[in-house]
Amino acid sequence: MNVLGSRERKQPPPARVVWESLTQPRRPGTRPWLELLPGEVEPRVLRAEEPSLVVWSSLWPDRPDDEIRFDIRPDGYACALRWTLLTPGEPPDDAVLGHLRHRLNYLINGSLRYSYGQ
């Protein structure tokens with residue numbers, strides 16, 4: 001798999017909570033954060049190892065073989081969360097790649113983070 005982008009940032013809750021948010025983003029009783037845009041699809045969890053790893057299928061139907069890997073590690077009470085966008089094929093052009101990276105960063109380090117009240 002080729003790495004198309006990756007970013008790590010601290011998240012306020014413990015690793016277990018972030019893991020649950022990624023494995024069950026639509027769980028009742030949680031603040032909604034996974035708001036998909038037109039042309040995006042609900043990701044499937046391809047692999048999960050509590051509380052340190054989650055791998056999603058692609059959000060983009062025109063890039064069905066891409067995967068999004070989340071590595072979660074404890075950092076005091078909080079945790080560090082790294083997303084990595086992977087593909088088995090060739091990378092898209094720079095404009096598309098910039099959009100994919102921006103979108104993941106917005107969802108994970110924006111929407112998910114703010115769902116915890118931070």
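**Figure 1. The open sheet of the predicted model.** Five strands form an open sheet in the order β1-β5-β4-β3-β2, and their pairing is antiparallel. The edge positions are held by β1 (2-11) and β2 (45-49); each has a single partner strand, so one side of each lacks a neighbour in the sheet. With direction ignored, neighbouring strands are turned against each other by 15° on average.

**Figure 2. Pairing of β2 with β3.** Four bridges join β2 and β3 in the antiparallel sense. Within this view, Glu49 is placed opposite Leu53 of β3.

**Figure 3. Helices α1 and α2 against the strands.** Helix α1 lies across β1, β2, β3, β4 and β5, and runs at about 160° to β4. Helix α2 lies across β1, β4 and β5, and its direction makes an angle of about 20° with β1.

**Figure 4. The largest nonpolar core.** This core comprises 24 residues, among which Leu22, Trp56, Phe70 and Ile108 have the most contacts inside it. Two or more residues each are contributed by α1 (15-23), β3 (53-57), β4 (67-75), β5 (78-87) and α2 (94-115). Helix α2 supplies the largest share, six residues.

**Figure 5. Surroundings of Phe70.** Phe70 is one of the residues with the most contacts inside the largest nonpolar core. Apart from neighbours within four places in sequence, Phe70 is in contact with Leu22, Ser52, Leu53, Val54, Trp56, Leu81, Arg82, Trp83 and Ile108. Among these partners, Leu22, Trp56 and Ile108 are likewise listed with the most contacts inside the core.

Methods: Residues numbered from 1 in each chain as written. Predicted model: local features only at pLDDT ≥ 70, side-chain atom pairs only at ≥ 80, totals over all residues. Heavy atoms only, no water. Core = buried A, V, L, I, M, F, W, Y, C linked by side-chain atoms within 4.5 Å. Buried < 20%, exposed > 50% of the residue type's maximum accessible area, 1.4 Å probe, protein only. Contact = heavy atoms within 4.5 Å. Pairing = 2+ DSSP bridges. Axes fitted to C-alpha atoms, helices over the stretch in contact; angles between N-to-C directions.
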